[in-house]
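Here are some notes for a first look at this model. Please read them with the structure open.

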Amino acid sequence: MAADASRPEGEPWQWSEPVWRRIVGRARAGRSLKPANWPAGARCAVALSFDADHETIPLRDADPSPMRLSQGQYGARAAMPRIRSLLERAQIPATFFYPAVSALLYPDEVRGVVAEGHEIGIHSWIHELNTGLDYAAERSLSFRAAEVLTDIAKTAPVGMRTASWDFSPNTLAIIREMGLVYDSSLMADDDPYELTADGEPTGIVELPPEWIRDDYVYFGMHRGSTLRPHTPPSAVEEIFAAEFDGAWEEAGLFLLTMHPHVIGHRSRLPLLARLIAHIKERGKIWFATHAQVAAWCRDQA
Ligand SMILES: [Zn+2]
């Protein structure tokens, strides 16, 4: 068999043990940062996040289709006012992860979200996939994205969620260079943990998301696909509520990822309102931003 230049160490079944151990160890879950106690006697932490992608998904795909772009604009135009109003009524802080291009398209939205007490986090430049970039390009885009958000929000972001959770083999090194407190892209636990790099603790807090706790998985639809996954909101509510109930039982973290252009529709946002009511009914909840959860877990450890 001819050697593949892109795989100098051969095919996976030919790798020596140091090769696969090195790959596994690049960015890995270290010690648990699940705290013994949550603030103010709370039993469970709830961290809601909204990835405000807006038009950046079709832009990332170099798709100039006004139809797809309009789906993104819906997120800012129709969904964000509804979401902000729901959070205001419920008196819950949340984290909004912005691609820099999205923030540049909607600077007033970013400033409004900050003024309402929510957190702004980094979410790539234009929703690019990190695993397709080399180290220098990913680093440059990450730093530029942080600068743009700082400039618009007048406060420096302390956390990152990679676009599409596409955390590359270089991402952890870049996060450390940026001096961030936390990442929210990797999925090795339900509760917060410390990331290790090549076996060494980094001090970076991972707040794990999961596709299970992501609205897009159930509602996303691409016209080029034959899949039409328009799941009933009640089914999604059941899954999210079960994930929360488990977090409450284990006194852990319930972290939910949503997208304005996905969850913000008339048929869907009521499920979030019902979920929040269910969470509040359970009681002893600490509703917090991702930054607050990360800081608490780091300081308790
Ligand atoms: Zn996104």
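1. Contact here means heavy atoms within 4.5 Å. The model is a predicted one. With neighbours within four places in sequence set aside, Asn 170 is in contact with Asp 134, Tyr 135 and Glu 138. Asn 170 sits in the loop between strand E5 (159-160) and helix H7 (171-178). Its C-alpha atom is 8.5 Å from that of Arg 139, a residue 31 places away along the chain. Asn 170 is partly exposed, at 26% relative accessibility.

2. The largest nonpolar core holds 63 residues. Val 46, Leu 48, Phe 50, Phe 96, Tyr 98 and Leu 272 have the most contacts inside it. Helix H6 (residues 135-153) gives the largest share of this core, seven residues.

3. Which residues does Phe 50 contact, leaving aside its neighbours within four places in sequence? They include Ile 83, Leu 87, Ala 94 and Phe 96. Met 258, Pro 260, Ile 263 and Leu 272 are also among them.

4. A second core is separate and has 17 residues, including Ala 45, Val 205, Ala 294 and Cys 297.

5. Helix H12 (residues 290-300) has four named buried residues: His 290, Val 293, Ala 294 and Cys 297. They lie on the same side of H12, because they cover an arc of only 95° around the axis.

6. Now the charges. The structure contains 17 salt bridges. In one of them, Arg 213 pairs with Glu 243, with the closest N and O atoms 3.0 Å apart. This pair links distant parts of the chain, 30 residues apart. Arg 213 is in the loop between strand E8 (200-206) and H8, and Glu 243 is in helix H9 (residues 233-249). Arg 213 is buried, at 3% relative accessibility. Glu 243 is partly exposed, at 24%.

7. Helix H9 also carries Asp 245, which is linked to Arg 282 in helix H11 (residues 269-282), 37 residues apart. Arg 282 is partly exposed, with a relative accessible area of 30%.

8. Salt bridges with shared partners join Arg 60, Asp 61, Asp 63 and Arg 68 into one network. Between Arg 60 and Asp 61, the closest N and O atoms are 2.7 Å apart.

9. Finally, the surface. Met 187, Trp 211 and Val 217 make a nonpolar patch of about 250 Å². Val 217 belongs to helix H8 (residues 215-219). Val 217 is partly exposed, at 39% relative accessible area.

Notes:
Residues are numbered from 1 along each chain as its sequence is written. This is a predicted model: local features need pLDDT of at least 70, side-chain atom pairs count only at pLDDT 80 or more; totals for chains, interfaces and linings use all residues. Side-chain values use heavy atoms; hydrogens and water are left out. Buried means under 20% relative accessible area, exposed over 50%, partly exposed in between (1.4 Å probe, protein chains only). Helices (H or I, at least four residues) and strands (E, at least two) are DSSP runs, numbered from the N terminus. The arc is that of the directions from the helix axis to the C-beta atoms. Patches are made of residues with over 30% relative accessible area and no salt bridge: like charges are joined within 9 Å, nonpolar side chains (Val, Leu, Ile, Met, Phe, Trp, Tyr) within 5 Å. Accessible areas come from the Shrake-Rupley method with a 1.4 Å probe; for residues, only the protein chains shown count as cover. A salt bridge is a side-chain nitrogen of Lys or Arg within 4 Å of a carboxyl oxygen of Asp or Glu. A nonpolar core is a set of buried Ala, Val, Leu, Ile, Met, Phe, Trp, Tyr and Cys residues joined through side-chain atoms within 4.5 Å.
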